[in-house]
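Subject: Structure for you to look at

Hello,

Here is the structure I said I would pass on. My notes follow below it.

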Amino acid sequence: MAHVVTNKCLGCKFTDCVLVCPVACFYELEGQLIIHPEECIDCMACVDECPVHAIYAEGDLPPEFQSDIEFNATEARRVKESGQGAIEKKKGSLAERRPKESGFGLLNVESLDLTPVPAPRGWS
Ligand code: SF4
Ligand code: SF4
């Protein structure tokens with residue numbers, strides 16, 4: 001048994017939860033956090049820290065969030081094996097960070113290459 005982050009976390013990422021975890025078992029995806037099931041010690045400290053109540057003990061998960069058990073397990077193992085460490089510090093929201101970190105900002109039309117591509121032979 002472990003604690004599980006449900007998809008209610010999607011888009012939050014204010015990450016109050018990670019500050020109270022004594023074993024640093026939260027990992028970060030693009031849109032939400034997940035808990036590594038082999039690292040969580042079920043201390044329950046994070047549950048009340050989450051403003052949207054996205055975290056449940058596995059045994060208390062409502063039926064609509066059952067798939068999040070496998071999602072947390074699979075993704076947490078994958079992220080950890082990729083070399084990404086646990087998230088231990090509070091961060092700003094995804095909406096605030098995304099343009100800076102990922103380079104997704106406003107489209108700069110002047111930087112686009114608008115040169116016409118020649119049609120393949122036999123097409124004209
Ligand atoms: S506080 Fe809740 S919604 Fe926010 S990142 Fe943590 S689990 Fe997700
Ligand atoms: S239940 Fe405890 S150990 Fe598990 S993720 Fe929450 S704070 Fe960390």
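Of the 13 residues around ligand 2, the nearest are His3, Cys21, Cys40, Cys43 and Cys46. That shell consists of 11 nonpolar residues, one polar and one charged. Please keep in mind that this is a predicted model.

Ligand 1 is surrounded by 14 residues, and Cys9, Cys12, Cys17, Cys50 and Ala54 are the closest. The shell around ligand 1 divides into 10 nonpolar, two polar and two charged residues.

On the overall fold: the protein has four strands and two helices, in the order β-β-β-β-α-α along the sequence. It has 124 residues, of which 23% are buried. Among contacts between residues at least 6 apart in sequence, 75% join residues at least 24 apart.

I looked at helix α1 in some detail. It covers residues 67-81, and at 1.5 Å a residue its 15 residues should span 21 Å; the end C-alpha atoms are 21 Å apart, which agrees. Its buried residues are Asp68, Asn72, Glu75 and Ala76. Seen down the axis of α1, these fall within an arc of 105°, so they line one face of the helix. An α-helix has 3.6 residues a turn, so residues three or four places apart point the same way. The buried residues of α1 pack against β1 (3-5), β2 (26-28) and β3 (33-35). Ser67, Glu70, Thr74 and Glu81, on the other side of α1, are exposed. Just after the helix, Gly83 has a positive phi of about 100°.

Regards

Key: Residues are numbered from 1 along each chain as its sequence is written. Chains are lettered from A and ligands numbered from 1 in the order in which they are written. This is a predicted model: local features need pLDDT of at least 70, side-chain atom pairs count only at pLDDT 80 or more; totals for chains, interfaces and linings use all residues. A residue is near a molecule or strand if its C-beta atom, placed from the backbone, lies within 6 Å of it. Ala, Val, Leu, Ile, Met, Phe, Trp, Tyr, Cys and Pro count as nonpolar, Asp, Glu, Lys and Arg as charged, and the others, Gly among them, as polar. A residue is buried if 20 or more other C-beta atoms lie within 10 Å of its own, exposed if 12 or fewer, and partly exposed in between; C-beta atoms are placed from the backbone. Two residues are in contact if their C-beta atoms, placed from the backbone, lie within 7 Å. The expected span of a helix is 1.5 Å times one less than its number of residues. The arc is that of the directions from the helix axis to the C-beta atoms.
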